[in-house]
Amino acid sequence: MNAARRLLSGLAILAGRAQGDSPASPNEAKLRDRLQRRVYGNGAGRSLPYRLFVPPDYDPRQAYPLILFLHGAGERGSDNEAQLKYPEVLRLAADQANPCFLVAPQCPRRRKWVEVPWSFRKPHRTPKRPSLATQLTIEIVAALEDEFRIDPRRRYVTGVSMGGFGTFDLLVRRPHDFAAAVPVCGGADESRADEIAHVPTWLFHGEKDPTVPAIRSRSAVEALQAAGGDPQYTEYEGLEHNVWTRAYLEPELRDWLFRQRRPGE
């Protein structure tokens with residue numbers, strides 16, 4: 001392990017097995033079918049499909065956490081189905097001790113959560129304006145907060161691959177909206193690290209990722225640390241790209257996520 005990787009506090013290098021070796025449980029696959037199919041539309045004629053999990057026995061007198069999930073490039077489209085191809089993320093919403101909302105918008109084909117390249121080893125710069133899909137996602141969350149009782153201190157964002165980039169992009173654009181972030185196989189605009197270092201973050205990546213080089217997560221961790229943050233980082237030794245099938249099943253992730261709270265307003 002080189003010196004740069006030894007310097008990453010909170011770093012875990014886990015021995016990898018074959019890709020896709022941690023399939024979602026039948027409960028997660030069943031939970032996928034319980035997500036409402038919805039389409040958001042705004043006054044400007046723009047729309048975006050999304051799926052919504054409403055906590056069982058929802059009580060409007062109680063404020064609930066919300067998890068925003070941003071899928072990867074292979075799940076783009078308009079069927080309002082593909083964004084849940086990998087239901088492991090739903091494990092986060094299956095915690096009876098922490099009932100929550102989970103919202104999963106679907107990015108249109110040929111669009112991105114953030115219009116930057118994914119395969120470059122060097123960091124990108126945040127575009128001046130959010131992509132259309134991200135702007136509509138921001139509006140979806142606002143609309144859900146008008147419809148349901150959502151705790152503004154317990155909003156969480158996570159995403160995989162293209163959605164990992166989108167997770168960092170949302171943090172930069174809304175640095176005080178989220179209590180925690182879980183970017184998987186993503187990349188950040190490291191020049192903006194000082195703006196988001198206060199957000200508890202747990203990054204995941206595969207050591208041999210050929211699609212988004214692991215250096216993108218490693219360098220994001222180093223930038224956040226240099227800005228005073230304390231990110232956690234798990235890198236799977238020998239694994240390639242779709243490590244989210246492992247990451248969302250990590251035993252400590254769910255408890256870590258729900259422990260996070262934004263400071264009181």
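In what follows, Ala, Val, Leu, Ile, Met, Phe, Trp, Tyr, Cys and Pro count as nonpolar, Asp, Glu, Lys and Arg as charged, and the others, Gly among them, as polar. With these classes in hand, the lining of the largest pocket in this predicted model divides into 6 nonpolar, 3 polar and 4 charged residues.

The largest pocket has a volume of about 340 Å³, and 13 residues line it. Nearest its centre lie L31, R34, A93, A94 and Q96. Among the elements of the chain, helix α2, which spans residues 26-32, gives the most to this lining, with 4 residues.

The structure holds 1 cavity of 30 Å³ or more, and the space in the largest cavity comes to about 30 Å³. Its lining is made up of V114, H124, T126, F165, F168, D169, V172, A188 and D189. By class, the residues lining the largest cavity are 5 nonpolar, 2 polar and 2 charged.

The chain as a whole provides the setting for both features. It contains 8 helices and 9 strands, and 55% of its 265 residues count as buried. When contacts between residues at least 6 apart in sequence are considered, 74% join residues at least 24 apart.

Key: Residues numbered from 1 in each chain as written. Predicted model: local features only at pLDDT ≥ 70, side-chain atom pairs only at ≥ 80, totals over all residues. Heavy atoms only, no water. 1 Å grid on protein atoms, 1.4 Å probe; cavity = no way out; pocket = protein on both sides within 12 Å on 5 of 7 lines; lining within 4 Å. Points joined across faces, edges and corners; volume = space filled by probe spheres on them. Helix = DSSP H or I, 4+ residues; strand = E, 2+ residues; numbered from the N terminus. Buried < 20%, exposed > 50% of the residue type's maximum accessible area, 1.4 Å probe, protein only. Contact = heavy atoms within 4.5 Å.
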